[in-house]
Amino acid sequence: MLFKLLLSIAAGTLCIASSAAAPVARRDYSRPPTRGVNLGGLFVLEPWITPSLFKEWESTPNSPAIDEWSYCATLGKDECTRRLHAHWRSWVQETDIRELAGMHINTIRIPIGYWALAPNYTEPYIQGQIPYLKQVLGWATKYQLQVLLDLHGVPGSQNGFDNSGRRGDITWTKRPTDIQRSLDSLTELANIAREFPIVTGIQAVNEPANWGVDKSTIIDYYTQAYSTVRSIAPQVSLVFHDAFLPQEQWGDLVPQSWSNVYLDTHIYHVFMEDQLQLSDDQHINKTCADGERLKQFNYRTPTICGEFSLATTDCAGWLNGFQRGTRWDGTYLTGHPIVPGATCQGQEDMSTWSDSKRAFMKRFAMAQFQAYEMASGWIFWNFKTERSDAWNFMKLSNAGIIPNPPAGWDYYVCSK
C-alpha cells in the first residue's frame, strides 16, 4: 500500500534511511504496491467527469461557465452553494467507498482546491467542503483505505487546466501571496492528517506546468512544502509531481536527503497525436516500456503513477475542456481525424464495445497495473464518471474488464 506499507513498522515495512547521504528507502517488493483510485470531480469540478453540472450551457456560444471558478461566478454564490452542496452530498457515497474496498484497492487520492482550505472570500469560489471531506475520511477509516490528500488547485492556476479550478492563463506564483496561500492550504491538510490517521500522504500540488512556472520556482515551493507538512504531520508521506519534466530531471525535484517522499508521474495515451496513432499492441508495448523506465527511478525515490486510465482516444466528452472537441475526430487542434474516418461514436460507451475491444481493454489494464507495480504502484483516474467508461474504474471492474483483485503481476502482460 502507499505510504504505510513502506513506512509503518506495524505493517512490517522498511524504515527510512537515516543518513542524509543515503538514498530514500524504496519499496519493499515483498509487500503489496499502491493500488488506488482518484475521487476526482468531487471537490474540484471537471465538466467531462460530471457533465450534468454544465449541461445547461452546452449550447451556449462561448459558455460563461467552463470550470469551477466560472461556474460559481456565473451562478452567484447562493446558487453555487446550493448546487455544490447537493453535489458534495451525492457524488461520493459510503456505498462507493465500501464497493471500492471490495474491489481490493488500498488507497484513495482525494483532489481538493486551495479555495476550500485557504480561501479569499472576494473570489467566486464557495466553501463548505471540509465536513464532506471528513465524512469521506471517516468512511475510508471504516473500510481501511489509506488516503492521499492532493492539493489539486492553487491560486492563479499552476497549469491553466480546468482541473486546477480555473482554465486559462498560468499565473500561480505571479502574486506575492500565491505561495503562502498554497502553503497555508497544506497546513490545513496536515492538520486534517493529524486528526485522521488514515491520511498517510499529502501531495504538494497537482501537475505544476514547467512551461508556465519556472523549474526553480517549483523546486523552491517543494522545499517549503516539505518543511511545512513535516513540522505539523511528520508521519505522513510527501508526494511531488514531476512537473511534466523529462525523467532525467526528476531528481532535481526530490533531493535524496528527504525521507518519506514519493515522485508522482501521470501517464495518459490520449493527449498527443503520436500517442493516439498507436496500435493496440503499441499501446501495450509503450506501457511495458514505461514500467521499466519507472522502475529505474524507483530505485532512487519511490515512484507512483498517480493518474492513468484505459482511454486510447480523447473522446470523453469535454475531456479537452468544456465545449471543445477531440483530436481523435479532428474537431480539436488537429483539423483532421487521427486516422481516416475516425469517429468518437461509441468510444466511451461500454455497451457498444466488441469482444475484441473488451479483451484489449482488459489486457491494457493489466499491462498498466503490472508496469506501474514495477515501481511503487498506481492510482487510477477516476473512481467513476457520468458517461466516460474508459475512465470509470468501478464500472470497468463490475464488467470484469478490470479484474478483482487488480493484481498486475498475476497476468504478466509485460515480460517478467
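The link of Cys288 and Cys414 is left-handed, with -85 degrees about the S-S bond. This pair links distant parts of the chain: Cys288 sits in helix α10 (residues 280-298) and Cys414 in the segment after α12 (393-398), 126 residues apart. The model is predicted. The structure holds 3 disulfides. The structure also holds 31 aromatic pairs. Helix α2 (residues 68-75) is largely enclosed by the rest of the structure, and so is strand β5 (residues 237-241).

**Disulfides**

- Counted along the chain, the bonded cysteines follow the pattern 1-2, 3-6, 4-5.
- The sulfur atoms of Cys288 and Cys414 are 2.0 Å apart in their disulfide. Cys288 and Cys414 are both buried.
- Cys315 and Cys344 form a disulfide as well, and their sulfur atoms are 2.0 Å apart. Its torsion about the S-S bond is about -70 degrees, so the disulfide of Cys315 and Cys344 is left-handed.
- Cys315 and Cys344 each lie in the loop between β7 (303-307) and α11 (355-373), so the pair ties together parts that are 29 residues apart in sequence.
- Cys315 counts as buried because its relative accessibility is 9%. Cys344 has a relative accessible area of 19% and is buried; the cut-off for buried is under 20%.

- How far is the sulfur of Cys305 from the closest cysteine sulfur? The distance is 13 Å, to Cys414, and this is too far for a bond. A disulfide needs the sulfur atoms within 2.5 Å.
- Cys305 has 0% relative accessibility, so it counts as buried.

**Helix α2**

- 6 of the 8 residues of α2 are buried, so the helix is largely enclosed by the rest of the structure.
- The buried residues are Glu68, Trp69, Ser70, Tyr71, Cys72 and Leu75.
- The buried residues of α2 pack against α3 (77-90).
- At the start of α2, a side-chain oxygen of Asp67 reaches to within 3.4 Å of the backbone nitrogen of Trp69.
- Gly76 follows α2. The phi of Gly76 is positive, near 85 degrees.

- 5 of the 5 residues of β5 are buried, so the strand is largely enclosed by the rest of the structure.
- In a regular strand the side chains alternate between the two faces of the sheet.
- Both faces of β5 are covered. Ser237, Val239 and His241 are buried on one side. Leu238 and Phe240 are buried on the other.
- Which strands does β5 run parallel to? One is β4 (residues 199-203), joined to β5 by 3 bridges. Another is β6 (residues 261-266), joined to β5 by 4 bridges.
- On the β6 side, Asp264 is the bridge partner of His241.
- β4, helix α7 (residues 215-232) and β5 make a right-handed β-α-β unit.

**Aromatic rings**

- A pair of aromatic rings is described by the distance of the centres and the angle of the planes.
- Among the 31 aromatic pairs of the structure is that of Tyr226 and Trp258, which is stacked, at 4.5 Å centre to centre with 10 degrees between the planes.
- The pair links distant parts of the chain. Tyr226 lies in helix α7, and Trp258 lies in the loop between α8 (250-253) and β6, 32 residues apart.
- Tyr226 and Trp258 are both buried.
- Phe360 and Phe364 form a stacked pair too, at 5.5 Å centre to centre with 15 degrees between the planes.
- Both Phe360 and Phe364 lie in helix α11. They are 4 residues apart, about one turn of the helix.
- Phe360 has a relative accessible area of 7% and is buried. Phe364, at 0%, is buried as well.
- Trp172, Tyr221, Tyr222, Tyr226, Phe240 and Trp258 form one aromatic cluster. Phe240 in this cluster is one of the buried residues of β5.

Key: Residues numbered from 1 in each chain as written. Predicted model: local features only at pLDDT ≥ 70, side-chain atom pairs only at ≥ 80, totals over all residues. Heavy atoms only, no water. Buried < 20%, exposed > 50% of the residue type's maximum accessible area, 1.4 Å probe, protein only. Helix = DSSP H or I, 4+ residues; strand = E, 2+ residues; numbered from the N terminus. Contact = heavy atoms within 4.5 Å. Polar contact = N/O pair within 3.5 Å; in protein donor to acceptor, adjacent residues only side chain to side chain. Pairing = 2+ DSSP bridges. Right-handed = clockwise from strand over helix to strand, strands pointing away. Phe/Tyr/Trp six-rings, centres within 6.5 Å; stacked < 30°, edge-to-face > 60°.
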